[in-house]
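The following exercises concern the structure displayed below. Each sets a task and then works through the solution in steps.

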Amino acid sequence: MLSRSFDGVPAVEALSFEIPEGSLFTLLGPNGAGKTTTVRLLLGLIAPDSGTARVAGYQLGQSNNGLRGVCGLLTETPGFYDRMTAWENLVFFSQLYRIPETIREPRLREQLRAMNLWERRNDLVGTFSKGMKQKLAIIRAVFHEPKVIFLDEPTAGLDPEASLMVREMISKLKGEGRTIVVCTHNLDEAQRLADIVGIINRRLLVCDTLTNLRSGAGITTPVEIELRAPLLDDQLTAMKLSFVKSIAGKDGKYVFEVENPAINTPHLVRALVDSEAQVYAVRPRTRDLETIYLECVNKGGAGK
Amino acid sequence: MNASLLFLRKELRELRKNKFVLPVYLVLPPIAVILPVVFAVFSTQIVAIDQNDPAILAILRIVKNTPEFAHMGTDEAITRFFLRSLVSFYLIMPVGLSSISAAFSVVAEKQQRTLEPILATPITDLEFLIGKLLASLVPSIILTWAAAILAAVIVNWLTWGRYETALLPERFWFIGVFVLAPLMGTASVLAAIRLSAKMSDPQTANQFTGLVIVPVFMILIGVFGKVLTISMSAVAIACAVVLLLVLFLLRLNLKNFQREEILTRWK
């Protein structure tokens, strides 16, 4: 479990998660939640106070330069040498990744064309818009064909067309079997891309597949149940099951806060039927990512 | 190509396009060429201005008491003395030029947000440090040596007819230009890089370098400049002192120049 603090203030605490190879993990969290610290820890740029991790087959701290050679990073603010051309910048960084010249040139050509930057390759980066710099930074993050790619706000500052292009590129990279970690505030982007979603606020509050999160696995989810008649007191008492966290409602319309509803809703319905309640309708509320996120951050509040 | 040399090549490319820093690099070399030529050609006239001036008298006394100059005519001895005294200018060049460049080296990467992408590559901390060292040092050393060699050629060409011997290179000049100057430059760059890694903006790094590092090294140059006119053993001691300073600063940088420290001090 990874933990790291700065000057006594915890940045991340007891992080523990597993990302299957080839999947896309989205790390959501408010500003200062520890997303960037998590990425820096996993890249071996900073050392954990406690705990360890294995990334792309490398144990943290044992061969961090080897680890960095198989990882790509897109930082939140794409930095380049403004007095150098796009081509010169990419060649410089590709040389730091020790990409052989014979491979480098065709690969850069292909990627610059894919990002619609080929015609601007000989222009100084200082003349580029933020969106163009972001696209160039994405090329820099992937041109060495890394196994694991860390993308910090990959579509920040991009227009809708460029955002779509970036999302398509991310999907393409995922299709190539690369493991991708996307840090974002953009819930819509997370919903579109993610296989697994982690919500962090210094501690990892939730980490599961989007499907499980929507169905409420691991946390309580409201299940609306409509009955032909209101529950009597003894029936209500019978409904105080271990997985039912609260019951609210009247006139036969109830909302049960149920843990793991995919598993427990049938048990709840059976209990109702056994208590001779007349069940008319059962509607588990599916939640969008925004609801899940806000619930986690507000309730979990590890950062507070 | 070695990762450290990549930084050198990249910084040279950037330097060519930097209209603020490039002029600084172009001001000192012409002075370093002209100054020895002027003193070589007009040495006797300079001394003849006022034979009773205490400074001139002191120079004449040193020249007269230097055994090396005993077999020479007064004019040649005075000219050689002036040329030897001017070696300290070749110590100023690498310190002045490279410490300015080094002051920007890490903090500029921070400011333009290129530091983290660099640190995320598989280069080692040592390669990064050596890269920054070379990138700051090599241009200033090349300019210093080029100016010194050009000055020597012009001085010899203009004075050959008068003394029928080549005044340069001579051993003090040679050690000053090719040993002490690079050592002084290296020490000042290492000090400035250490500072740059600690700073959060280039202006502060530049001010600190200008107010602390450069003056400290100018004092050293003042001392060593005198030493260069005295004796070879004094020169050897000066070289040893600067070498020890270089080793100390290198050790300090190696100990502290680490990804973690640089990244977490990001302000």
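**Exercise 1.** Determine how helix H5 (residues 130-142) and helix H6 (residues 160-175) of chain A are oriented relative to each other in this predicted model.

*Solution.* Step 1: the two helices pack at an angle of about 10 degrees, and their axes lie 11 Å apart. Step 2: angles under 35 degrees count as roughly parallel. Step 3: H5(A) and H6(A) are therefore roughly parallel to each other. Step 4: on the H5(A) side the contact is made by A:Gly131, A:Lys135, A:Ile138 and A:Val142, and on the H6(A) side by A:Ala162, A:Val166, A:Met169 and A:Leu173. Step 5: classified by residue type, this contact has six nonpolar, one polar and one charged residues.

**Exercise 2.** Classify A:Gly177, A:Glu153 and A:Asn260 as buried, partly exposed or exposed, and locate each in chain A.

*Solution.* Step 1: the cut-offs are 20 or more C-beta neighbours within 10 Å for buried and 12 or fewer for exposed, with partly exposed in between. Step 2: A:Gly177 lies in the loop between H6 and strand S8 (179-184) of chain A; because it has 10 C-beta neighbours inside 10 Å, A:Gly177 counts as exposed. Step 3: A:Glu153 occupies the loop between strand S7 (148-152) and H6 of chain A, and with 21 such neighbours inside 10 Å A:Glu153 counts as buried. Step 4: A:Asn260 is placed in the loop between strand S13 (253-259) and helix H10 (261-274) of chain A; its 16 C-beta neighbours inside 10 Å make A:Asn260 partly exposed.

**Exercise 3.** Examine the backbone at A:Glu153, A:Asn260 and B:Pro169.

*Solution.* Step 1: most residues other than glycine have a negative phi, and most peptide bonds are trans. Step 2: A:Glu153, which is not a glycine, has a positive phi of about 50 degrees. Step 3: A:Asn260 also has a positive phi, near 45 degrees. Step 4: the peptide bond from B:Leu168 to B:Pro169 is cis, with omega near 0 degrees, and B:Pro169 is found in the loop between H7 and helix H8 (171-198) of chain B.

**Exercise 4.** Describe the geometry of helix H7 (residues 125-163) of chain B.

*Solution.* Step 1: H7(B) has 39 residues, for which 57 Å is expected at 1.5 Å a residue. Step 2: from first C-alpha to last, H7(B) reaches 53 Å, close to that expectation. Step 3: a bend of about 35 degrees occurs at B:Trp157. Step 4: just after H7(B), B:Glu164 adopts a positive phi of about 50 degrees.

**Exercise 5.** Summarise chain B as a whole, and then the side of chain B that touches chain A.

*Solution.* Step 1: chain B has eleven helices and zero strands. Step 2: its C-alpha atoms fill a box of roughly 65 × 35 × 30 Å along the principal axes, and 44% of its 267 residues count as buried. Step 3: the contact between the chains takes 24 residues from chain B and 27 residues from chain A. Step 4: helix H1 (3-17), helix H6 (115-119) and helix H11 (259-264) of chain B each give two or more residues to this side, the largest share, six residues, coming from H1(B). Step 5: by class, the side of chain B that touches chain A has ten nonpolar, six polar and eight charged residues.

Terms used:
Residues are numbered from 1 along each chain as its sequence is written. Chains are lettered from A and ligands numbered from 1 in the order in which they are written. This is a predicted model: local features need pLDDT of at least 70, side-chain atom pairs count only at pLDDT 80 or more; totals for chains, interfaces and linings use all residues. Two residues are in contact if their C-beta atoms, placed from the backbone, lie within 7 Å. Helices (H or I, at least four residues) and strands (E, at least two) are DSSP runs, numbered from the N terminus. Ala, Val, Leu, Ile, Met, Phe, Trp, Tyr, Cys and Pro count as nonpolar, Asp, Glu, Lys and Arg as charged, and the others, Gly among them, as polar. The expected span of a helix is 1.5 Å times one less than its number of residues. The bend at a residue is the angle between axes fitted to the seven residues ending there and the seven starting there. Axes are lines fitted to C-alpha atoms, for helices over the stretch in contact, and angles run from 0 to 180 degrees between N-to-C directions. Angles under 35 degrees count as roughly parallel, over 145 as roughly antiparallel, 65 to 115 as roughly perpendicular and the rest as oblique.
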